[in-house]
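These are my notebook entries on a single model. I looked up the strand pairing, the salt bridges and the surface charge.

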Amino acid sequence: MQVVEGTADIDDVGSFVETLSAIGDRHGVTVQAFDARYVVDRAHLELAVDLATRAHGRGDTIAEDFGVEILLYAAGRRQINRALTMGVSKGSCPVVAVIVDHERTDSHVGKRNQNGIEAAASDVREQLTAASTLGEYDEGRVRSFFDVTDTELAATAGGLPDAVRERVALLPVEK
């Protein structure tokens with residue numbers, strides 16, 4: 001998995017998403033972009049990709065499209081329309097994108113597959129203005145989206161990123 005971050009001035013969300021999808025298709029990988037204000041850290045994305053990959057391997061996916069499956073896990077939701085809130089939005093948007101090849105496991109990284117991921121990451125970078133966005137989440141937005149209450153935060157030894165990763169981890173249990 002590669003992570004690419006930056007900002008984008010998005011006039012048409014559908015066109016932007018299609019461009020990223022074409023990049024993925026060209027390199028034989030999946031590219032999924034998120035509004036970085038909803039992504040608490042790299043571990044949040046790694047967990048979503050891992051769970052989506054496991055579900056795909058078992059034939060137990062929620063969505064037909066692997067990128068959408070990653071989005072569902074990252075959002076901790078089964079409903080695509082609610083998960084899409086985490087996707088990129090029109091206007092100036094902080095973006096974090098994951099590039100993965102779900103047909104392989106990390107222990108079987110082929111040179112061709114790794115080159116495809118790296119080439120796709122380079123192409124995605126060209127669509128963005130370089131900026132640090134990962135971990136620059138909006139706490140109020142994240143708490144509202146993931147329904148994290150003051151009581152829950154007070155009761156946990158961890159912080160907001162831990163609560164979010166718990167939501168992601170619990171999605172398979174709620175199937």
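**Entry 1: the sheet**

I find an open sheet of four strands in the order β2-β3-β1-β4, with antiparallel pairing. Its edge strands are β2 (30-35) and β4 (129-130), each of which pairs on one side only. I took strands (E, at least two residues) and helices (H or I, at least four) as DSSP runs, numbered from the N terminus. Two strands count as paired if DSSP finds at least two bridges between them. The model is predicted: local features need pLDDT of at least 70 and side-chain atom pairs count only at pLDDT 80 or more, while totals for chains, interfaces and linings use all residues. Residues are numbered from 1 along each chain as its sequence is written, and side-chain values use heavy atoms, with hydrogens and water left out.

I then followed β2 to its partner: it pairs with β3 (residues 91-100) in the antiparallel sense over six bridges. Asp 35 has Val 95 in β3 as its bridge partner.

**Entry 2: salt bridges**

How many salt bridges does a search of the whole structure find? The search gives 10, where a salt bridge is a side-chain nitrogen of Lys or Arg within 4 Å of a carboxyl oxygen of Asp or Glu.

I noted Asp 50 with Arg 54, whose closest N and O atoms are 2.6 Å apart. Because these two residues are four apart in helix α2 (residues 42-58), about one helical turn separates them. Asp 50 is partly exposed at 34% relative accessibility, and Arg 54 is partly exposed at 44%. My classes are buried for under 20% relative accessible area, exposed for over 50%, and partly exposed in between (1.4 Å probe, protein chains only).

Arg 143 and Asp 150 meet in a salt bridge at 2.3 Å, N to O. Arg 143 is buried at 19%, whereas Asp 150 is exposed at 56%.

Arg 167 and Glu 152 form another, at 2.7 Å, N to O. This pair links distant parts of the chain, with Arg 167 in helix α8 (residues 160-170) and Glu 152 in helix α7 (residues 150-155), 15 residues apart. Glu 152 is partly exposed at 22%. I also recorded one network, in which salt bridges that share partners join Asp 41, Asp 162 and Arg 165.

**Entry 3: surface charge**

Asp 9, Asp 11, Asp 12 and Glu 18 form a negative surface patch. Patch residues have over 30% relative accessible area and no salt bridge, with like charges joined within 9 Å. I placed Asp 12 in the loop between β1 (2-10) and α1 (13-27); it is partly exposed at 45%.

Definitions and conventions:
Patches are made of residues with over 30% relative accessible area and no salt bridge: like charges are joined within 9 Å, nonpolar side chains (Val, Leu, Ile, Met, Phe, Trp, Tyr) within 5 Å. Accessible areas come from the Shrake-Rupley method with a 1.4 Å probe; for residues, only the protein chains shown count as cover. Lys and Arg count as positive and Asp and Glu as negative; His and the chain ends are not counted. The place of a charge is taken as NZ of Lys, CZ of Arg, CG of Asp or CD of Glu.
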